[in-house]
Amino acid sequence: MKQDILIIQPLMPELSEVLHQHYHCHRLYEQTDVAAFLQAHAGKIKAVATRGDVGLAADLMAALPALELIAVFGVGTDGIDLSAARDRGITVTITSGILTDDVADLALALMLGVSRQIVAQDAFLRSGAWQERPPQLGYKLCGKRVGIMGLGKIGAAIARRCAGFDMQIGYCNSRQSEEPAWQRFGDLHQLAQFSDFLVLAVPGDARNRKMVDAEILSALGEEGILINVARGAVVNEDDLIEALQNQVIRGAGLDVFENEPAIDARFAGLTNTVLMPHIASATVETRQAMAQNVADNLAGWFAGKGAITPVE
């Protein structure tokens, strides 16, 4: 007999196919009357499959009395009340470690993209303007100072890549790094003052909401570049747009936004940015591995072997 699981929002097709083969899948995103659906099926659902950018709403979790496992396609848990899950004995799993390298790679790509004006230079060449005037000069990455807010697995991977560019590395984190050459700062303001590039790699939970505001951007300064591969909610977007419009900072490379995919229309008019549609982990290899991890967590759980990558 197949176990009942609830899929909150569409997953990648390969993962969806596997789940439908092995489980009785209920697709919440197709329900027109959620209350009626829950009344009919909530008591049978033992597991939820969701995405890191979607999570599981607190009221929906509370409405699933048989829930045992929340399997997240991603590493973000800001959309899940972990405390409530622990209190109920619900295990939450993430695709831990799988997407670290891809996110770190994109952070470096954004750093280079903004500092070397790669998007603008590409448009300049394609327009034919090179025949009329020389291209504008970009700015170096090598030897500059990078400040990394959050030195977890992703932040540390970014730092190691920056070390390969002979950059000076600073960071803010609750724990001291074992790397003696990396300089630890007491708060984000101090880190921003240090940085030529300020890279955000923190969880998007309530404690970090809008932590980058006008004050932090002013501390980063007119030669500074902001890179966000964390969550859009950690930045005050009104303050950031104003800072970019008025050259308070040099530029920004952003993979995440507060209201995805309906982002603030003002971003499209900024020429000192490189904007990505939340694709830091979007490589074929990594997405396949993430899908396998979700499937393995569910299979292990229902086989009585436990979850493979539970949230610690």
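Q: Where does His278 lie?
A: His278 sits in the loop between E12 and H11. Keep in mind that this is a predicted model.

Q: What is the phi of His278?
A: Start with the general idea. Most residues other than glycine have a negative phi. Now the case here. His278 has a positive phi of about 50 degrees, although it is not a glycine.

Q: Which other residue has a positive phi without being glycine, and where is it found?
A: Take Gln117. Its phi is near 55 degrees, a positive value in a residue other than glycine. Gln117 is found in the loop between helix H5 (100-115) and helix H6 (118-126).

Q: Is Gln117 buried or exposed?
A: Gln117 has a relative accessible area of 18%. Buried means under 20%, so Gln117 is buried.

Q: What is the relative accessible area of His278?
A: For His278 the value is 24%.

Q: Which residues are joined by a cis peptide bond?
A: General idea again: most peptide bonds are trans. Here, a cis peptide bond joins Glu260 and Pro261, with omega about 0 degrees. Pro261 lies in the loop between strand E11 (251-254) and strand E12 (273-275).

Q: How do I read the order E2-E1-E3-E4-E5?
A: Strands of a sheet pair through backbone hydrogen bonds, either parallel or antiparallel. In this structure, five strands form an open sheet in the order E2-E1-E3-E4-E5, and the pairing is parallel. Strand E2 (24-27) and strand E5 (91-93) stand at the edges. Each has a single partner strand, so one side of each is left without a neighbour in the sheet. Neighbouring strands of this sheet are turned by 20 degrees against each other on average, direction ignored.

Q: How many bridges join E3 to E4?
A: Five bridges join strand E3 (residues 45-51) to strand E4 (residues 69-73). The two run parallel.

Q: Which strands does helix H11 lie across?
A: Helix H11 (residues 284-302) lies across strand E1 (4-7), E3, E4 and E5. H11 runs at about 170 degrees to E4.

Q: At what angle do H1 and H11 pack?
A: Helix H1 (residues 13-22) and H11 pack at an angle of about 20 degrees, with their axes 9 Å apart. Angles under 35 degrees count as roughly parallel, so H1 is roughly parallel to H11. The crossing of the two helices is right-handed.

Q: Which residues of H1 and H11 meet?
A: From H1 come Leu15, Val18 and Leu19. They meet Ala291, Val294, Ala295 and Leu298 of H11. The residues of this contact divide into seven nonpolar, no polar and no charged.

Q: Which strands form the open sheet that starts with E8?
A: Seven strands form this open sheet, in the order E8-E7-E6-E9-E10-E11-E12, and the pairing is parallel. Strand E8 (183-184) and E12 stand at the edges. Each has a single partner strand, so one side of each is left without a neighbour in the sheet.

Q: How many bridges join E6 to E7?
A: Five bridges join strand E6 (residues 145-149) to strand E7 (residues 168-172), which run parallel. Gly147 stands opposite Gly170 in E7.

Q: Which strands does H7 lie across?
A: Helix H7 (residues 153-164) lies across E6, E7 and strand E9 (197-200). H7 runs at about 170 degrees to E6.

Conventions: Residues are numbered from 1 along each chain as its sequence is written. This is a predicted model: local features need pLDDT of at least 70, side-chain atom pairs count only at pLDDT 80 or more; totals for chains, interfaces and linings use all residues. Side-chain values use heavy atoms; hydrogens and water are left out. Two strands pair if DSSP finds at least two bridges between them. Helices (H or I, at least four residues) and strands (E, at least two) are DSSP runs, numbered from the N terminus. Axes are lines fitted to C-alpha atoms, for helices over the stretch in contact, and angles run from 0 to 180 degrees between N-to-C directions. Contact means heavy atoms within 4.5 Å. Buried means under 20% relative accessible area, exposed over 50%, partly exposed in between (1.4 Å probe, protein chains only). Angles under 35 degrees count as roughly parallel, over 145 as roughly antiparallel, 65 to 115 as roughly perpendicular and the rest as oblique. A crossing is left-handed if the near helix is turned anticlockwise from the far one by less than a right angle, and right-handed if clockwise. Ala, Val, Leu, Ile, Met, Phe, Trp, Tyr, Cys and Pro count as nonpolar, Asp, Glu, Lys and Arg as charged, and the others, Gly among them, as polar.
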